[in-house]
Amino acid sequence: MSIPPADGSAAERQRDDVDWASAQQGVGEAFGRIFDRHRDRVHRHVLRLVPVPADADDAVAITFLEAWRRRGDARLVEGSLLPWLLVTATRVTQNLTRSARRHRALLAKLPPGEPVADHADRHDEGPASAALRELSLADRQVVTLCVLEGLNDREAAAALGLPVGTVKSRLSRAKRRLADRLSPPAAPLTRLDEAAHDA
């Protein structure tokens, strides 16, 4: 009884052969199977090479993007794409490291700036922002597209994938709901004959 190799079995190499031939013809599903088969191994590889672990996901993504982009000249080694991926990943991490080093050097040359308050940290929003956030997602979408972004009904309908009439009715309802949230409730009107009857 033979013991299969720990990494890169004959069956796996065969799957790479078949899937890679399809991927070279532009079949995304075949490329997806190669990605699923090798992403963890490539990720472990780049984790050892990137200066910041958070960069590992970027390095993996760039590596597979390069594989797709260069699928006409990427080579299989004994039926497996993994070696080519690891070589490419090494080059990608080198470029990421070099880029990060240049970025840090550039930042070090800049004079320190005055601290500026981040507008995202501000919590003193107006009542209109709070009222807008309380609307349903559908209402918020039409208000932001038509009122805040200035799209007309037809443009908003195309963006949302809805008929123009639906956008118009949603916008009308959303404006009414927004106005109700911004205006204090009025006292209910009493009919004169009811008031006289109560007296």
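I set the burial scale before anything else: buried means under 20% relative accessible area, exposed means over 50%, and partly exposed is in between. Arg 177, at 36%, therefore counts as partly exposed. The model is predicted.

Entry on Arg 177. I looked up its partner and found Asp 139, with the closest N and O atoms 2.7 Å apart in a salt bridge. Asp 139 lies in helix α6 and Arg 177 in helix α8, so the pair ties together parts that are 38 residues apart in sequence. Asp 139 is buried, at 4%.

Entry on the other salt bridges. My search of the whole structure gave eight. One network, built from bridges that share partners, joins Asp 16, Asp 19, Arg 33 and Arg 37. I also noted Glu 66 with Arg 69, at 2.8 Å from N to O. These two sit three residues apart in helix α3, about one helical turn. Glu 66 is buried at 18%, whereas Arg 69 is exposed at 56%.

Entry on the cores. The largest nonpolar core has 20 residues, and Trp 20 and Val 46 are among those with the most contacts inside it. Helix α4 gives the most, six residues. Apart from this core lies another of twelve residues, including Ala 156 and Leu 178.

Entry on α7 and α8. I found these helices packed at about 105 degrees, with axes 8 Å apart. That makes α7 roughly perpendicular to α8. Ala 156 and Ala 157 of α7 are among the contact residues, as are Val 167 and Leu 171 of α8. The contact residues divide into five nonpolar, no polar and three charged.

Key: Residues are numbered from 1 along each chain as its sequence is written. This is a predicted model: local features need pLDDT of at least 70, side-chain atom pairs count only at pLDDT 80 or more; totals for chains, interfaces and linings use all residues. Side-chain values use heavy atoms; hydrogens and water are left out. A nonpolar core is a set of buried Ala, Val, Leu, Ile, Met, Phe, Trp, Tyr and Cys residues joined through side-chain atoms within 4.5 Å. Buried means under 20% relative accessible area, exposed over 50%, partly exposed in between (1.4 Å probe, protein chains only). Helices (H or I, at least four residues) and strands (E, at least two) are DSSP runs, numbered from the N terminus. Axes are lines fitted to C-alpha atoms, for helices over the stretch in contact, and angles run from 0 to 180 degrees between N-to-C directions. Angles under 35 degrees count as roughly parallel, over 145 as roughly antiparallel, 65 to 115 as roughly perpendicular and the rest as oblique. Contact means heavy atoms within 4.5 Å. Ala, Val, Leu, Ile, Met, Phe, Trp, Tyr, Cys and Pro count as nonpolar, Asp, Glu, Lys and Arg as charged, and the others, Gly among them, as polar. A salt bridge is a side-chain nitrogen of Lys or Arg within 4 Å of a carboxyl oxygen of Asp or Glu.
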